[in-house]
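Thanks for coming. I have one structure to go through today, and I will take it piece by piece. Please have a look at it first.

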Protein chains: 2
Amino acid sequence: MPRKVDPRQRRTLIADALMRVAADRGLEAVSLRHVAAEAGVSAGMVQHYFTTKDEMMAFALSVVRDRGRARVEAAVAALGPDPRPRLLLRTLLAALLPLDEAARADGRVALAFLSWTALHPAAAPGLRPDTAQLVEFIAGLLPRPPASDAAAGLLALVEGLGVYLLGGQYTPAQATAVLDHQLDLLFA
Amino acid sequence: MPRKVDPRQRRTLIADALMRVAADRGLEAVSLRHVAAEAGVSAGMVQHYFTTKDEMMAFALSVVRDRGRARVEAAVAALGPDPRPRLLLRTLLAALLPLDEAARADGRVALAFLSWTALHPAAAPGLRPDTAQLVEFIAGLLPRPPASDAAAGLLALVEGLGVYLLGGQYTPAQATAVLDHQLDLLFA
DNA sequence: TTCTTTGCAATGCAGTCGTATTGCAAACGG
DNA sequence: CCGTTTGCAATACGACTGCATTGCAAAGAA
C-alpha cells in the first residue's frame with residue numbers, strides 16, 4: 001500500500017478545526033469548506049476522510065465527549081491516590097464547569113451539539129458520558145443516606161451552572177461558590 | 001389607510017410557525033420559505049413583516065420568553081392568594097421544567113436559541129427573564145439564612161433538570177423527585 | 001369615481017451548501 | 001521498471017439560502 005498516513009490523526013485534525021469553527025461561529029457555520037479552510041487543508045481532503053457531513057459531525061461529537069472526559073480525568077489524577085470523597089467529588093464536578101476560556105469554547109460546542117443531537121437521535125447516546133452511571137458513582141461518594149436523588153440533583157446543578165456560565169449569567173466565582181454551598185449542604 | 005390588519009397578530013402567527021419548524025426540524029431548518037409554508041402564507045408576506053431574518057429570529061426569541069413567563073404565571077395564579085412560600089417556590093420551579101410535550105417543544109426551541117444567542121450577543125439579554133432578579137426572588141422565599149448561593153443553586157438545578165429532561169436522561173418523575181428532594185434539603 | 005397608499009405575491013439574483021465525479025501524483029509490490 | 005493502489009485536489013451540479021425588486025389588487029380619502 002502506498003502513502004502511509006495515519007487516518008485517525010487526520011480525522012482528529014479536521015475535527016479540531018470543526019470545533020474551532022463551531023466555537024466561534026456556531027454550528028451553523030460548520031461547512032466542509034469552512035472546516036477545510038480552518039484546518040488549512042483542501043475541501044477535497046475533508047471529503048476524503050468524511051464521506052458525509054453527518055459522519056464528520058458524529059466524529060466531532062465523540063471528540064467533544066473525549067475532551068470532557070480527559071479534563072475530568074486529568075483533574076482527578078492530579079489529586080493523587082485515595083483522596084477524601086468530598087474533595088474527589090468537588091474536583092470531578094468542578095472539572096465539568098466551563099471555568100477557563102478553553103473549557104468555555106468546548107462548552108459552547110457541547111451546548112450546540114446538545115440541540116444537534118435532538119435532531120439526530122442515532123448519535124444522541126454519545127455526547128454525555130453515560131449519565132446513569134455517573135449519577136451512581138456520585139451517589140457512592142455522598143455520605144450516609146446515598147439517596148440517588150441527591151446525586152442526580154448535584155449533577156443537574158452542575159449542568160445548570162455550566163449553562164449559566166456560558167450565558168454569562170453567573171461568574172466563575174459565583175458558580176464555584178454555589179457548588180461548594182451545595183456540597184456543604186450534602187455533607188452536613 | 002387601506003387594509004386594516006393587525007401587524008402584531010401577523011408577526012406572532014409567523015413566529016409561532018417558526019417555533020413549530022424549530023421544534024421539530026431544528027433552528028437550522030428555519031428559513032423564510034419553510035416558515036412561510038408552515039404558517040400557510042406566502043414567502044413574500046414573511047418578508048413583508050420581517051425585513052430581515054435576524055429580525056424574525058429576535059422576535060421569535062421574545063415569543064419564547066413570553067411563553068415561558070406565561071406558563072409560570074398561570075401555574076402561580078392557579079395557587080390562589082397567599083400560598084405558603086415552599087408551595088409557591090415548588091410551583092414556580094416546576095413550571096420551568098419541560099414536563100409535558102408542549103413544554104418540551106418550547107424547551108427544545110429555547111435550547112436552540114441558547115446557542116443562537118451566543119453568536120448574536122445583541123439579542124442575548126432577552127431569552128431568560130432577568131436571572132439576577134429571579135435569584136433574588138427565590139432567595140426571598142427560602143427560609144432563614146437567605147444565602148443567595150442557595151437560590152442560585154436551586155435555579156441552576158432546575159435549568160440542569162430541564163436539559164436532562166430534554167435529552168431524555170431523566171424522566172419527569174425523576175426530575176420532580178430531585179426537585180422535591182432539594183427543597184426538603186433547603187427547608188429542613 | 002379617481003387617486004393614493006397599503007398588503008401582499010411573484011420572480012430574480014448572487015452566493016453557499018453537500019455531494020458526486022474526475023484526474024493525477026506519489027508510493028509501494030512485483 | 002511497471003502497474004496498481006492510495007491520497008488528495010479540482011471541478012461541476014442541483015438545491016437551497018437571504019434579500020431586492022417589481023407588480024398588482026384591495027381599501028379608504030378625495
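This is a predicted model: local features need pLDDT of at least 70, side-chain atom pairs count only at pLDDT 80 or more; totals for chains, interfaces and linings use all residues.

Is A:Gln47 buried, partly exposed or exposed? With a relative accessible area of 47%, A:Gln47 is partly exposed, because the exposed class begins over 50%. Along the chain, A:Gln47 and A:Ala15 are 32 residues apart, and their C-alpha atoms are separated by 13 Å.

Now the chain as a whole. Taken along the principal axes, the C-alpha atoms of chain A fill a box of roughly 60 × 40 × 30 Å. Chain A has 188 residues, and 44% of them count as buried. If you take the contacts in chain A with a separation of 6 or more, 64% are between residues 24 or more positions apart.

Next, helix 1 of chain A, residues 7–25. Its 19 residues reach 27 Å from the first C-alpha to the last, close to the 27 Å expected at 1.5 Å a residue. What caps its N-terminal end? A:Asp6 does, with a side-chain oxygen 3.1 Å from the backbone nitrogen of A:Arg8. After the helix comes A:Gly26, with a positive phi near 90°. The buried residues of helix 1 of chain A include A:Ile14, A:Leu18, A:Val21 and A:Ala22. As background, an α-helix has 3.6 residues a turn, so residues three or four places apart point the same way. The buried residues of helix 1 pack against helix 2, helix 3, helix 4 and helix 6 of chain A.

That brings us to helix 4 of chain A. At 1.5 Å a residue its 25 residues should span 36 Å, and the end C-alpha atoms are 36 Å apart, so the two agree. Among the buried residues of helix 4 are A:Met56, A:Met57, A:Phe59 and A:Val72. What covers the buried residues of helix 4 of chain A? The cover includes helix 1, helix 2, helix 3, helix 5 and helix 6 of chain A.

Further along, helix 7 (residues 131–141) and helix 8 (residues 148–167) of chain A have axes that come within 8 Å and cross at roughly 115°. The crossing of these two helices is right-handed. On the helix 7 side, the residues that meet helix 8 include A:Leu134, A:Val135 and A:Ile138. Their partners in helix 8 include A:Ala151, A:Leu154 and A:Leu155.

Over to chain B for one residue. B:His120 is in the loop between helix 6 and helix 7 of chain B. Its relative accessible area is 18%, so B:His120 is buried, the cut-off being under 20%. The side chain of B:His120 reaches the backbone oxygen of B:Trp116 at 3.2 Å.

Last, how the chains relate. A rotation of 180° with 0.0 Å of shift along its axis superposes chain A on chain B, with an RMSD of 0.0 Å. That is the relation of a two-fold axis. Why can we say that the copies meet through the same surface? Because 100% of the interface residues of chain A are also interface residues in chain B.

Technical notes
Residues are numbered from 1 along each chain as its sequence is written. Chains are lettered from A and ligands numbered from 1 in the order in which they are written. Side-chain values use heavy atoms; hydrogens and water are left out. Helices (H or I, at least four residues) and strands (E, at least two) are DSSP runs, numbered from the N terminus. The expected span of a helix is 1.5 Å times one less than its number of residues. Buried means under 20% relative accessible area, exposed over 50%, partly exposed in between (1.4 Å probe, protein chains only). Contact means heavy atoms within 4.5 Å. A polar contact is a pair of N or O atoms within 3.5 Å; within protein, one must be able to donate a hydrogen and the other to accept it, and residues adjacent in sequence count only if both atoms are side-chain atoms. Copies are superposed by least squares on the C-alpha atoms of residues with pLDDT of at least 70 in both. Axes are lines fitted to C-alpha atoms, for helices over the stretch in contact, and angles run from 0 to 180 degrees between N-to-C directions. A crossing is left-handed if the near helix is turned anticlockwise from the far one by less than a right angle, and right-handed if clockwise.
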